[in-house]
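Q: I am new to reading protein models. Could you take me through this one, feature by feature?
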Amino acid sequence: MTKNVGSIDKIIRIVAGLVLIVLAILGIGTPWTWIGIVPLATGLTGWCPAYTLIGANTCPTKKG
């Protein structure tokens, strides 16, 4: 599991995930707001399985 989620991407995912989870806890929206667990988890781990499938990577590459 190599990291494929960059720092800005992580922040966006964590914030979006937290917002969706809070909405779900408050009962605002639909049960689908619990999907916020997915962006929160991918933001915290730094690895996105969908990015792996499509070959995307937002992590900065090391110049050597």
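Q: Which side chain does Arg13 join in a polar contact of 3.4 Å?
A: First, the idea. A polar contact is a pair of N or O atoms within 3.5 Å; within protein, one must be able to donate a hydrogen and the other to accept it, and residues adjacent in sequence count only if both atoms are side-chain atoms. Here, the side chain of Arg13 is joined to that of Tyr51, at 3.4 Å.

Q: What should I know about the model before going on?
A: This is a predicted model, where local features need pLDDT of at least 70, side-chain atom pairs count only at pLDDT 80 or more, and totals for chains, interfaces and linings use all residues. Residues are numbered from 1 along each chain as its sequence is written, and side-chain values use heavy atoms, with hydrogens and water left out.

Q: Where does the charged end of Arg13 sit?
A: A charge sits over a ring if NZ of Lys or CZ of Arg is within 6 Å of the ring centre and within 35 degrees of the ring normal. In this model, the charged end of Arg13 sits over the ring of Tyr51, 4.8 Å from its centre.

Q: How many aromatic pairs does the structure hold?
A: Rings of Phe, Tyr and Trp (its six-membered ring) pair if their centres lie within 6.5 Å; planes under 30 degrees apart count as stacked, over 60 as edge-to-face and the rest as tilted. The structure holds zero such pairs.

Q: How many helices and strands does the chain have?
A: Helices (H or I, at least four residues) and strands (E, at least two) are DSSP runs, numbered from the N terminus. This chain has three helices and zero strands. Read from the N terminus, the order is α-α-α. The radius of gyration is 13 Å, well over the 11 Å from the globule rule for 64 residues, so the chain is more spread out than a compact globule. That radius is taken over C-alpha atoms, and the rule is 2.2 Å times the number of residues to the power 0.38. Along its principal axes, the C-alpha trace spans about 50 × 20 × 15 Å.

Q: Is Arg13 buried or exposed?
A: Buried means under 20% relative accessible area, exposed over 50%, and partly exposed in between (1.4 Å probe, protein chains only). Arg13 has a relative accessible area of 13%, so Arg13 is buried. Arg13 belongs to helix H1, residues 7–26. Across the chain, buried residues make up 27% of the 64 residues.

Q: Which residues is Arg13 in contact with, leaving aside its neighbours within four places in sequence?
A: Contact means heavy atoms within 4.5 Å. With those neighbours left aside, Arg13 is in contact with Val5, Pro39, Leu40, Thr42, Gly43, Cys48 and Tyr51. Thr42 also makes a polar contact with Arg13, side chain to side chain, at 2.8 Å.

Q: Where is Thr42, and is it buried or exposed?
A: Thr42 is in helix H2. Its relative accessible area is 7%, so Thr42 is buried. Not counting residues up to four places away in sequence, Thr42 touches Val5, Arg13, Trp47, Cys48 and Pro49.

Q: Which residues of helix H2 are buried?
A: Helix H2 covers residues 37–45, and its buried residues are Pro39, Leu40, Thr42 and Gly43. Their cover includes H1 and helix H3 (49–54). Just after H2, Gly46 takes a positive phi of about 80°.

Q: Why do residues three or four places apart in an α-helix point the same way?
A: An α-helix has 3.6 residues a turn, so residues three or four places apart point the same way. Now look along H1 here. Val15 lies in this helix and is partly exposed, at 47%.

Q: How far apart in space are Ala41 and Lys10?
A: Ala41 and Lys10 are 31 residues apart in sequence, and 9.7 Å apart in space, C-alpha to C-alpha. Thr52 and Leu18 are 34 residues apart in sequence and 23 Å apart in space, C-alpha to C-alpha. For contacts between residues at least 6 apart in sequence, 66% join residues at least 24 apart.
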